[in-house]
Each structure stands twice: as structure tokens, then as C-alpha cells.
Amino acid sequence: MFPWDTLADATALAMSHPDGIVDLSVGTPVDDVAPVIREALAAAGSAPGYPATAGTPSLRASAVAALERRYGVTNLAEGAVLPVIGTKELIAWLPTLLGLGPDDVVVVPELAYPTYEVGARLAKVPFVRADSLTQLGPQSPALVFLNSPSNPAGKVLGVDHLRKVVGWARERGVLVASDECYLGLGWDAEPVSLLHPSVCDGDHTGLLAIHSLSKTSSLAGYRAGFVAGDQAVVAELLAVRRHAGMMVPTPVQAAMVAALDDDEHERQQRERYERRRAVLLPALQASGLTVDDSEAGLYLWATRGESCRDTVAWFAQRGILVAPGEFYGPRGVQHVRVALTATDERIAAAAQRLTA
């Protein structure tokens, strides 16, 4: 069963509120797609041929330029970038695309979006939850997933931590894939890419960075993302994806170029989330919840020191739906994830209900 299907009772209770539900349980964007992106999509609408699995040259160039301009990633070749049909798709199928099997091991964060585990299960690969290299002992996994800023907790991995992971992985020939879809949304800490020269010294061997336009450009409905890093691994993924028909539609690729080339709409979207966080965070704290981590990203990781399902019910009684922390692993059993992805009006309504 899909985890969110278990929230039916809490959803019904929240919907019974006289002023309606405030749904903060999912990270679905609600703001309009920027006109520059919609115009690019429409202009490319007459595209009768098959899309380029590798991405158009302009898309690859725009991705390389945006990673350098926005996040300081250097020394990245255009051939080391590959568009994907939303990053959830890539994460779910990455172990399979890499040809991993029962004799391999995948490492996922202790608190993690379920798709990392799902990807291992689809490939029938054993997985372990670990945030520290010492937890792994002598074993050398085939693939290590990182997520910084993290979903659900919003924790940011610093440069020193990332450098240790890179050094450890290279000594053992382990591939590291960093999910960086919240990289542009740092609040109390400054996130850094796995591909940043301060982390990898400009050498992307054995490293993949996974980027989404769902959050920073509100393109969740477009299924627009890309992976970048080790050119040899990217070429391997491209070869398999060509056979599997994993192609990003041509109009979506054109929209991605517009999104990657335009920093102004991204800045405006970031400011919207920053305003909503400034309203919701103090309201949670004033109502007696403790907010842990939450240095970056689109979620507040909150606890009342009780079972997460009891906290979900507490919110639902106030017409607010949140996600139980148990969705993200055993360490989340006393937390809930509260999303910032609602309109200003609904965020204000949630804050009022929490502090009434």
C-alpha cells in the first residue's frame, strides 16, 4: 500500500473543519508555473518525432551552466548530464539501471523518502539504513544514496561530511548518488552539491548528483529532472535508458531550458517558501511542538514527544493534515513532516489554528 493511503481517517477528520482542510502532508507545488517556462513549453508543442534520450544540446548546456551559476559546480562536461522523467523515476530505477542484484548492497539514509528503499526492492538488492560510515563496518556497498538537504528532516550535510563520504567511497569503488532536489532552498544552513569542488576537488569520478525542477521551478507536473556527474556512469545510464524508452518529452526539455536559464523565477519561488516558513515555524513552536533540523528544504520536522500517529490526529483535529514520520523510517516514529507547499492563505490558516 502507498503510505499516504493510510491517512484516510486523518484526512476525513481534517476535511470536517469548518474552514476546510489545510493539507501539509505532501510536497506538491501549488504556485503557478512561470510564464517564461509555459511559453517555452507551448512553443515546442509541435514535436512529432521521438525525443532525444540524451537531451537536446541546449538542455545539456543549460544544465551545466545552471549548476555552475547557482551552485558553484565546475568541470562538468555536457556529456555528463542526462535528463530524467522526474527524479523520483531515476531514484526508483537507478539500482536496476546499474544492473545491481542480490549480491550487492544499497545504502539509504536512516531517515529517507521511501523511494530509495523502493528502488532497492525493485532490483531485489539488499539495503541498509545508515548515516555514518562506521555503521557499515567492513562491507563495501555498490551504491550509497545521500539526500542533502534531506527529506523529511531538512538536515544539511556539511562539506567535511561529504568529503569523508567521497574519500571512503573512492577507496572502495562505491558509487555515490546525491539527491539534491532541495539544494536551492537553504534557510539556516548553506547546502553544497556533491559535485562542488570543495567536496570532490573537481573530480566527479564515482559521483552522481540528482536534480529536480519540481521544487525550485514548480514543475512537478512536468516530470522534469536530470542527473549529472561521472561521465562514464551517465553514458551507461543513457545506453540502458535508450533501450527502455525512458525519454523526456521534447516540449518538456524546452521548458527545462527556460527554467534553467532564468534565475529570477527561481528567486521568486524561493522567497515564497521563505515567507511561508516564517509564518508556520513560529506557529508550530508556539503550539508546543519542537522542530528539529529543518535547516533547509520544504518541510518542518516536528515532534510532540509522542507517537507520530497521535500527532497526526492532533493536527487533524485542527483541520491540518501532516505526514507521520514513520513513513521515512524507524527513526521517525515520534515526528511528523509539515510541508510548506500550500498557498499563503492556507499557511496563514494553519498558523491561526495552531496558535488559537
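**Exercise 1. Describe how helices α4 and α5 pack: at what angle do their axes cross, and which residues make the contact?**

Step 1. Start with the geometry. Helix α4 (residues 87-97) and helix α5 (residues 115-122) have axes that come within 7 Å and cross at roughly 35 degrees. Here axes are lines fitted to C-alpha atoms over the stretch in contact, with angles running from 0 to 180 degrees between N-to-C directions. Helices are DSSP runs of H or I of at least four residues, strands are E runs of at least two, and both are numbered from the N terminus.

Step 2. List the contact, meaning heavy atoms within 4.5 Å. From α4 come Lys88, Ile91, Ala92, Trp93, Pro95 and Thr96, and from α5 come Thr115, Tyr116, Gly119, Ala120 and Leu122.

A word on the model before going on: it is predicted, so local features need pLDDT of at least 70 and side-chain atom pairs count only at pLDDT 80 or more, while totals for chains, interfaces and linings use all residues. Residues are numbered from 1 along each chain as its sequence is written, and side-chain values use heavy atoms, leaving out hydrogens and water.

**Exercise 2. Is Ser62 buried or exposed, and which residues does Ser62 contact?**

Step 1. Find Ser62 in helix α3 (residues 57-71).

Step 2. Check its accessibility. Ser62 counts as buried because its relative accessibility is 6%; buried means under 20% relative accessible area, exposed over 50%, and partly exposed in between (1.4 Å probe, protein chains only).

Step 3. Look for partners. Setting aside neighbours within four places in sequence, Ser62 touches Val257, Leu260 and Asp261.

**Exercise 3. In the loop between β5 and α6, where is Pro149, and what is the peptide bond from Ser148 to Pro149?**

Step 1. Read omega. The bond from Ser148 to Pro149 is cis, with omega near -5 degrees.

Step 2. Keep going along the loop. Pro152 is also in the loop between β5 and α6, and a cis peptide bond joins Asn151 and Pro152, with omega about 25 degrees.

**Exercise 4. Which phi value does Lys124 have, and is Lys124 buried or exposed?**

Step 1. Go to the loop between α5 and β4 (127-129), where Lys124 lies.

Step 2. Its phi is near 60 degrees, a positive value in a residue other than glycine.

Step 3. With a relative accessible area of 63%, Lys124 is exposed.
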